[in-house]
Amino acid sequence: MHFPPDNGDLSALPESDTMPLDGLDPRTTGRLVRRAIADMGEGIAYGSKVVLQPHDHELALLLGQTAADVCPGNQRLNWKLNALVSANARYCAVKIVGSNACNHALGLPRSQSQLMLYDKLTMTPLAQFDGTGLSAQRTGAYASLAVDQLLADKQRFSVCLYGAGPIADCVVDDLHAHHADRISRIEVCSRRPSSARSFAAAAAARTGLEVCVGGDGPGHADLLITATNAGAPIVPADRLHDDAVVLHLGGDELPAAFIERTLGRGTVLCDDVASVCHRSSQSLPLYFARQNLRLSDLAGLFRIRSLHDRALQGLARLPRPALMTCAGLPVLDLYLAQWVYEQGTACAGQVPVAQASLRRH
């Protein structure tokens, strides 16, 4: 591991391919994500997000096609540049994410990111990572968190997973790492049946779980997980039964009737209420926005809580139906980057800069 030179040349920062990423398995990721959320509850970790979103009509100037031409089905264009900034006791991180649904037509991933880790005291850059894989891993870890919080009373549960991309892969791996003995079946649904079949076969071979292509959707599933880029509801409200738990990781995928029913007599959680309000691109905040209301103003009235709310600890079975909406917390990227960096310095027999600076002061 080489630290940046005094001239601040970022090209000399260590890249993630020199670090032991193989050790960041789903169980380790889950442990780090839980620590990050607990530290948010203690006020130790915090973060923020800034979004720059070009206007859709600008796409034609660059590509010669409109958003409707390049986004099949009901997908969102999701054309934006995000900056996720976070801090904890010793480190800070910045993740830059660029995304555009039309990238698929250009042979590129829809979303790509770069992640920088900094020493908190000196704000010296310590390491640089390709954040794309780390982002998918920390997002997938929300699956077992939803089970912990909302399905603790069920010895066995079934899953209906919408999506067959990298995040869906991480969802299956996370569930396998934390709840393999409780999963009876995972059904996969995708707008492309061939993708669902390939995904299910690979996931079943990798984990040993029963993973198959979904038939009649989530009508019988205990847990529905949406991990798509859809811009309109992908499941009818009448297919979501009164005992259902929904983990919402994508866009505007859920019917308003289900959200209304859950607000009225169930449980609504966010990974962080303020972050979901700020992002304002998912079904929950959009439900309020379409009525000229704001989720941030009504969260207290509807008892919408954040995962890091310590009042959730030790609660008995939460009412269902239940909805957990996750915007993707910046601190999760920080804790994964910190772990990879410190593992890398340990392998090299070095003291992490953050710890060395603390010893000097």
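I listed the buried residues of α7 and got Ser 195, Ala 196, Phe 199, Ala 200, Ala 203 and Thr 207. I then looked down the axis of α7: these buried residues fall within an arc of 125°, so they line one face of the helix. The general rule for the pattern is that an α-helix has 3.6 residues a turn, so residues three or four places apart point the same way. I note that the model is a predicted one.

Next I checked the other side of α7. Arg 197, Ser 198 and Ala 205 are exposed there.

I looked up the extent of α7. The helix runs over residues 193-207, which is 15 residues. From first C-alpha to last I get 21 Å, close to the 21 Å expected at 1.5 Å a residue.

**Asp 173**

Which residues does Asp 173 contact, leaving aside its neighbours within four places in sequence? I found Pro 26, Arg 206 and Thr 207. Of these, Thr 207 is already in my list of buried α7 residues.

**Leucine patch**

I searched the surface for nonpolar patches and noted one of about 520 Å². Its members are Leu 61, Leu 62, Leu 63, Leu 106 and Leu 108. Is Leu 62 buried or exposed? Leu 62 is exposed, with a relative accessible area of 68%. I placed Leu 62 in helix α2, residues 58-63.

**Whole protein**

I closed with the totals. The protein has 13 helices and 13 strands. Of its 361 residues, 52% are buried. The accessible surface comes to about 16,000 Å², and carbon and sulfur atoms account for 53% of that. For contacts between residues at least 6 apart in sequence, I get 70% joining residues at least 24 apart.

Conventions:
Residues are numbered from 1 along each chain as its sequence is written. This is a predicted model: local features need pLDDT of at least 70, side-chain atom pairs count only at pLDDT 80 or more; totals for chains, interfaces and linings use all residues. Side-chain values use heavy atoms; hydrogens and water are left out. Helices (H or I, at least four residues) and strands (E, at least two) are DSSP runs, numbered from the N terminus. The expected span of a helix is 1.5 Å times one less than its number of residues. Buried means under 20% relative accessible area, exposed over 50%, partly exposed in between (1.4 Å probe, protein chains only). The arc is that of the directions from the helix axis to the C-beta atoms. Patches are made of residues with over 30% relative accessible area and no salt bridge: like charges are joined within 9 Å, nonpolar side chains (Val, Leu, Ile, Met, Phe, Trp, Tyr) within 5 Å. Accessible areas come from the Shrake-Rupley method with a 1.4 Å probe; for residues, only the protein chains shown count as cover. A salt bridge is a side-chain nitrogen of Lys or Arg within 4 Å of a carboxyl oxygen of Asp or Glu. Contact means heavy atoms within 4.5 Å.
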